Amino acid sequence: MYVDIGNVLDSQPGLSRGALERLDERVADAHEHIEQELAAEGFGYRSLALGERTDPDRIASAVEPLTDCETVLTVGIGGSALGSATVTSALGVGENNPVCDNVDPQHLSSLLSSLSWDRTAVHVVSQSGTTAETLSNFLVVRDAMADAGVDWTEHTIVTTGVDGPLRALVDRHDLPSLSVPAGVPGRFSVLSTTSLVAPTILGCDVEVLLAGGRAARNSLSKSLFETPAYAYAAVAYALELRGANVNAFVPYAERLEPFAEWFAQLWAESLGKDGLGQTPVRALGATDQHSQLQLYRAGRHDKLVTLVRPRERPELTIPSTAIDELSYLGGTGVGELLDAEFEATEASLAAADQPNVRLEIDALDAYSLGELLVSMEAATIMAGELLNVDTFTQPAVEWGKRAARGLLGANDAPEADAITEKRSLTIESP
């Protein structure tokens, strides 16, 4: 991975070279702590070693009964679903990996009616085995399979913890199953069993993906000037302290759009604590140059814009045309046009003194993707170290979960009482 931080130097807000060099001392200390936690297999930190800990042969063995399936429906929520969608989309098989990660009945009904169940595998993912949204959706999916005359036990694989309702279901029906990695929060589990079932069934090169992850982990060093992941983390941290409270994350590749969603969860849920943390905003280049760029360039100077692209991509030539105004496009590659849009956006932001960072990978292939995913996890962990927050917890999320459980009748959720205290001022249309 490559990170160019030149456009944060003396921007508004921005950093000086001297400020970066001073910050590098803190990065060195934080890196030492990260390495210590990795060696001790500290909770969350061990996610950086999944590239070497995850066994692709074990996953392949578990999914072997399902390898004839053309589609894999992932039933999960948060990191349990976003990781799979990110990998399959980036590697070009995302259309064969629909994700059931919401409890919107209209969307769910439409999704389930579109599937050919006799050619569909279902991967159910929940670390606790008690996630309300995941289990509710799975029960609906089971009914849909039964209505289609398909034996759900022959089309389902489960990834969960060592106990809980899903593990009991596995044991009762002798379902193929995998275990979630110990000590790894869901949003950091992309290179593990939680996210690699669908890519394995759909023929992605999981071994090469893991190799890229290992390379990223092994590249971490004590200096931001030698470690792209740490350079990104340090710049984002320093700019937040200077007023850049928004991180607009803009990949210039359609297949990386789910990656932006994955990053948004990773960044927000890990760093949004104690009144701190940038708000991640997702956009897509070049599409959102015609919508959000107006704000990023001419709006408040409260943003870091992160531009992401592969350096290599397949080419598709624009045909020549007799229209004079468009003649300059003839014979140009569509990828050349996209790269021109990328560089024009970057220059536009820089000219307006809006800080922006360029993230690049060699290509949208398994190895580069593995590097990118682990690098962004490392960046998030480093940013958490610099902010001095507990990167691997999500207490606000857990509060909301308990409140929802209380509304549905659970007796162990006093948080639901807060709902009766909601203030209301409703304006009705005539």
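A residue is called buried under 20% relative accessible area, exposed over 50%, and partly exposed in between (1.4 Å probe, protein chains only). By that rule, isoleucine 323 is partly exposed, with a relative accessible area of 45%. The structure is a predicted model, in which local features need pLDDT of at least 70, side-chain atom pairs count only at pLDDT 80 or more, and totals for chains, interfaces and linings use all residues. Residues are numbered from 1 along each chain as its sequence is written, and side-chain values use heavy atoms, without hydrogens and water.

**Surface**

- Isoleucine 323 lies in the loop between β9 (303–312) and α13 (334–351); helices (H or I, at least four residues) and strands (E, at least two) are DSSP runs, numbered from the N terminus.

**Strand pairing**

- Strands β7 (residues 246–251) and β8 (residues 279–282) run parallel and are joined by four bridges, where pairing requires that DSSP finds at least two bridges between two strands.
- Phenylalanine 249 has arginine 282 in β8 as its bridge partner.

**Cysteines**

- Zero disulfides are found in a search of the whole structure, a disulfide being a pair of cysteine sulfur atoms within 2.5 Å.
- Cysteine 69 is in no disulfide, and the nearest cysteine sulfur, that of cysteine 204, is 15 Å away.
- Cysteine 69 counts as buried, at 11% relative accessibility.
- For cysteine 100, the closest cysteine sulfur is that of cysteine 69, at 17 Å, which is too far for a bond.
- Cysteine 100 is also buried, with a relative accessible area of 2%.
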